[in-house]
Amino acid sequence: MSNLTLLNLQELNLASIAPMLSLIVFGLFILCIGTFKKDLSRTFYTVFCLIAIMLNIGIVIDSNRMMSGFFGLMVIDGISIISQLVILTASALFIPLALSTKRFFEYEMSEYYALFLFMIAGFEFMVSSNNLILIFIGLETSSLALYTLIALHNKLKSIEAAIKYFTMGALGAGFFVFGAAMFYLASGSLEINFTGEVIRDLNLQDSMVVILGCVFMFSAIGFKLSLIPFHTWVPDVYEGTNAPLAGYMSVVPKVAGFIVAMRLFESLANSGIQWVHDMLYISAVLTMTIANSMALVQRDVKRMLALSSIAHAGFVLCAIVVGTSGANTALFLYWIMFLFANLGAFSMLWVARCDDTVCWDRRFKHPYEKFAGLIKTLPSYAVIMAIFMVALAGIPPFSVFWGKIYLIFAAVASDHIVLAVIMVLNSALAIYYYLKLVVYMFLKEPVVKDKNLYIANTSNALKVIVGFAVITTLTAMLMINPLLEFIAKFVVASGF
């Protein structure tokens with residue numbers, strides 16, 4: 001009996017879920033302490049979350065080895081480790097933004113911070129498994145927490161955004177389940193790698209069941225990554241969400257979604273299903289081009305950033321289309337570079353968050369006119385925001401440029417010349433709408449000359465986060481080689 005117990009514990013390998021388990025324990029503790037002590041400050045909860053995240057980073061780094069657990073459901077490989085580090089770093093940068101000067105309803109609730117930790121745990125489950133059931137559990141855990149976080153902003157548009165996101169997310173979850181069922185019918189397994197091997201060995205590439213499974217799964221992941229034509233919810237949801245959470249949504253859920261897409265679609269492509277490669281190719285081109293075209297005509301900066309995040313997702317999808325080790329390494333580099341620039345841009349919108357009584361436009365909260373002439377009114381704000389816009393546009397030598405150039409080099413190296421040209425053209429197109437905001441800030445006359453309206457929400461925590469994002473964006477060139485070596489080590493070790 002003791003031998004059986006020992007065997008079961010070895011098969012479970014609790015170390016494989018230690019990062020997720022620690023976050024869940026911290027989240028439950030926050031709920032318990034918030035129930036019995038109602039007057040704890042948001043500073044306490046923020047610091048508590050930071051401690052939980054830092055501890056989690058330590059656990060992930062400490063378990064710097066390949067292992068599996070829970071009878072093969074958990075797979076801790078290089079891809080899992082590097083993606084968890086990106087998710088946790090972004091989360092550690094996001095949560096201090098709760099310490100703004102103005103007080104907001106959601107940041108006074110202990111449930112907000114508990115849900116935030118549960119959401120991170122869900123993302124970690126998504127990137128640490130090859131099993132479609134566990135991926136689905138992680139997907140739903142993170143999604144349900146995120147829907148609630150959006151609604152807690154307690155504004156009419158926030159509730160509308162949460163409902164819209166929930167509806168689209170539920171549809172995507174249904175597609176995911178249908179796709180998993182189709183793969184199970186075809187292979188008798190829900191393991192991604194095993195399913196790919198069965199499809200290849202039995203020549204099931206043209207099987208209707210496999211085709212349906214691929215279409216359903218692509219639709220589900222397309223909703224999560226906001227790929228064209230599954231993107232329609234994004235501008236409205238981002239507009240209704242508070243700026244820090246919108247910036248977080250533009251990075252972290254997509255990192256988790258791309259890891260699932262990388263594992264699934266590269267396995268299917270290796271099974272000889274050529275049309276999966278073609279489907280991803282067409283989606284990447286359409287997502288980049290249409291999203292950039294839509295961003296050109298936006299009147300609101302937040303909606304522009306929302307649509308630009310779709311275009312960036314299409315750009316990163318090219319890495320999965322290429323499917324080489326170099327492309328997968330460039331994928332992670334891109335997200336790391338994009339993380340600081342995009343979160344910095346949304347943080348600046350949060351700094352400029354004004355009371356509802358201040359209105360620049362009847363329809364939008366962040367119209368371009370709001371930022372007109374800022375170089376005269378508030379030069380520091382204008383310069384910092386311009387740095388983030390230039391970086392997001394991919395102009396050298398700022399951060400996102402290096403992610404783009406390595407992705408383009410990976411495409412050229414694998415003979416995807418046409419795709420590389422399309423990537424370059426879309427990068428040039430994106431420069432226009434990013435620099436449009438710079439033109440408003442530097443070349444237009446101020447609409448409002450009271451600079452306090454733009455910095456009313458500033459706090460020391462926000463200054464630190466924005467300053468860190470600026471330094472990282474400006475000095476990215478110095479970090480490229482060490483980052484590439486670090487990422488490549490994990491990617492190659494995972495066999496991607």
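This is a predicted model: local features need pLDDT of at least 70, side-chain atom pairs count only at pLDDT 80 or more; totals for chains, interfaces and linings use all residues.

Helices here are DSSP runs of H or I with at least four residues, strands are E runs of at least two, and both are numbered from the N terminus. Residues are numbered from 1 along each chain as its sequence is written, and side-chain values use heavy atoms, with hydrogens and water left out.

**Stop 1: helix H7**

Select residues 156-187, which form helix H7. Pick Val177 within H7. Is Val177 buried or exposed, or in between? Val177 is partly exposed, because its relative accessible area is 41%. The classes are these: buried is under 20% relative accessible area, exposed is over 50%, and partly exposed lies in between (1.4 Å probe, protein chains only).

**Stop 2: salt bridges**

Side chains of opposite charge can pair when their charged atoms come close. A salt bridge is counted when a side-chain nitrogen of Lys or Arg is within 4 Å of a carboxyl oxygen of Asp or Glu. How many salt bridges does a search of the whole structure find? The search finds five.

Select Arg263 and Asp77. Their side chains form a salt bridge at 3.0 Å, N to O. This pair links distant parts of the chain, 186 residues apart: Arg263 sits in helix H12 (residues 252-270), and Asp77 in the loop between strand E2 (74-76) and helix H4 (78-94). Both Arg263 and Asp77 are buried.

Go to Lys164 and Asp236. The N to O distance in this salt bridge is 2.7 Å. Lys164 belongs to H7 and Asp236 to helix H10 (residues 234-240), 72 residues apart. Lys164 counts as partly exposed because its relative accessibility is 28%. Asp236 is partly exposed too, at 27%.

Next, select Glu445 and Lys376. Their side chains meet in a salt bridge of 2.7 Å, N to O. Glu445 lies in the loop between H19 and H20, while Lys376 lies in helix H16, 69 residues away. Both Glu445 and Lys376 are exposed. Then show Lys164, Asp236, Glu239 and Arg303 together: salt bridges with shared partners join them into one network.

**Stop 3: helix H17**

Select residues 379-392. This is helix H17, with 14 residues. H17 reaches 20 Å from its first C-alpha to its last, close to the expected 20 Å at 1.5 Å a residue. The expected span is 1.5 Å times one less than the number of residues.

**Stop 4: a nonpolar patch**

Finish with Val383, Val439, Phe442 and Leu443. They make a nonpolar surface patch of about 350 Å². Helix H19 (residues 417-443) gives the most to this patch, with three residues. Leu443 is in H19, and Leu443 counts as exposed because its relative accessibility is 67%.

Patches take residues with over 30% relative accessible area and no salt bridge; like charges are joined within 9 Å, and nonpolar side chains (Val, Leu, Ile, Met, Phe, Trp, Tyr) within 5 Å. Areas come from the Shrake-Rupley method with a 1.4 Å probe, and for residues only the protein chains shown count as cover.
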